[in-house]
Amino acid sequence: VTGAVSGAPPAELARLFLERYGAAPGRLRRARSRGAEGMATLQQLAHDLKGTAPLLELAALAAAAASTAALLHSPDVDPRSQAVRAALDRLETTLSDALVAVRERSGTA
Amino acid sequence: VVPPAMNGSAEPCPCEAPAPARARVFVVEDEPVQRAALVACLRDAGHTVTAFADGRHLLRRVAEEDPELVLVDLRLPDADGLELVRAIRGQGDCGVIVVTARDGVTDRVIGLECGADDYVVKPFEPRELVTRARNLLHRVRRQRGRNQGLRFAGWFLDRRTRLLRDPGGRPVPLSGSEFRLLTLLLEHPGEPLSRQQLLMHLHDQRSTASDRTVDVLVSKLRQKLGDVQQAGRSRLIATIRGVGYAFQPPGE
């Protein structure tokens with residue numbers, strides 16, 4: 001397991017990440033299915049991942065989370081728009097890939 | 001570790017100065033990975049860090065422990081981060097850094113207008129964060145020095161009136177030497193100071209007093225502070241074997 005943070009035990013960050021986001025792909029899908037009602041959950045998830053993914057050197061997830069957070073934060077966001085759907089598709093894919101990568105790195109795959 | 005300023009001269013410019021002596025830093029962040037990372041990089045920089053997952057507990061401890069620096073995430077489950085910044089600012093003169101994923105210009109301006117001293121956008125770069133914290137700590141300490149008050153464990157040492165007040169607000173008289181010794185120790189929390197350093201500060205290098213003078217003064221200060229040795233709790237003024245003494249902030 002690698003870690004970008006000086007002084008932070010990488011294995012501990014990986015463990016916390018898996019604990020926090022292990023079930024996040026399912027949470028993301030459920031929030032999407034609720035349309036506008038699920039927006040707050042999606043915004044929170046994107047914001048959290050934007051700050052967290054770089055700490056574990058998960059570049060693809062970091063980029064997807066940052067662009068999704070920016071999109072969802074815009075005042076006139078339409079949850080049914082093609083742009084939002086594409087961003088959430090990408091976030092879901094990169095999140096699932098990141099979970100696999102972190103499990104492999106930490107030996108919990 | 002910053003060497004003690006023995007002559008009471010002005011602090012060096014932050015851009016030239018090494019990291020300030022260990023500071024008491026609070027972090028409030030509900031996201032566990034980011035919280036662990038923030039704590040790790042600040043501890044790695046030598047600070048004493050207490051982390052919170054919500055604003056309610058943070059505010060209570062800010063009131064009780066008077067930290068020098070607080071890092072605040074704006075998206076918390078139980079509090080509006082901006083209101084939290086205002087509340088912290090209303091409680092004391094600690095430094096406040098907002099660490100948030102909100103990166104719009106309006107967000108930054110509002111954050112600073114609420115009283116934050118600095119604004120760091122996530123994802124944060126640990127080295128940048130530590131440097132910003134260090135610079136802000138220099139400013140906070142300089143400001144507190146101007147305010148001429150030193151707080152510790154509920155006590156307050158007023159440098160202007162040279163009066164020590166106990167946690168109940170009652171005045172505790174100090175001799176001139178006791179006052180100077182306590183001030184120097186409080187200005188360097190966690191930093192062992194030799195008897196020679198303390199003696200030089202007390203007597204401006206002109207005295208023929210011995211190391212024993214320091215021991216006697218520390219003993220008197222401990223009596224006045226009720227600073228007795230107890231199991232499971234370190235003294236406020238700790239004896240550092242082979243060196244001298246250090247002020248140990250509570251909880252360390």
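The model is predicted, and local features need pLDDT of at least 70, side-chain atom pairs count only at pLDDT 80 or more, and totals for chains, interfaces and linings use all residues. Residues are numbered from 1 along each chain as its sequence is written, chains are lettered from A and ligands numbered from 1 in the order in which they are written, and side-chain values use heavy atoms, with hydrogens and water left out.

Chain A contributes 21 residues to the contact and chain B contributes 20 residues, where contact means heavy atoms within 4.5 Å. Together the two chains bury about 1700 Å², 61% of it on carbon and sulfur atoms; buried area is the accessible area (1.4 Å probe) that two parts lose on being put together, summed over both. On the chain A side, the most area is lost to chain B by A:His47, A:Lys50 and A:Leu55, together 29% of what that side buries. Side chains of opposite charge can pair when their charged atoms come close. One salt bridge is found across the interface, the term standing for a side-chain nitrogen of Lys or Arg within 4 Å of a carboxyl oxygen of Asp or Glu. A:Lys50 and B:Asp103 are joined by a salt bridge between their side chains (3.2 Å, N to O).

Helices also meet across the two chains. Helices (H or I, at least four residues) and strands (E, at least two) are DSSP runs, numbered from the N terminus. Helix 1 (residues 10-21) of chain A and helix 1 (residues 32-44) of chain B have axes that come within 8 Å and cross at roughly 160°. Here axes are lines fitted to C-alpha atoms, for helices over the stretch in contact, and angles run from 0 to 180 degrees between N-to-C directions. These two helices are therefore roughly antiparallel to each other (angles under 35 degrees count as roughly parallel, over 145 as roughly antiparallel, 65 to 115 as roughly perpendicular and the rest as oblique). On the chain A helix, A:Leu13, A:Leu16, A:Phe17 and A:Arg20 meet B:Pro32, B:Val33, B:Ala36 and B:Ala37 of the chain B helix.

In chain B, helix 2 (residues 55-65) and helix 3 (residues 81-91) pack at an angle of about 10°, with their axes 10 Å apart. That makes helix 2 of chain B roughly parallel to helix 3 of chain B.

Two loops deserve a look as well. The peptide bond from B:Lys122 to B:Pro123 is cis, with omega near 0°, and B:Pro123 sits in the loop between strand 5 (118-121) and helix 5 (126-147) of chain B. A:Glu57, a residue other than glycine, has a positive phi near 55°; A:Glu57 belongs to the loop between helix 3 (39-52) and helix 4 (59-73) of chain A.
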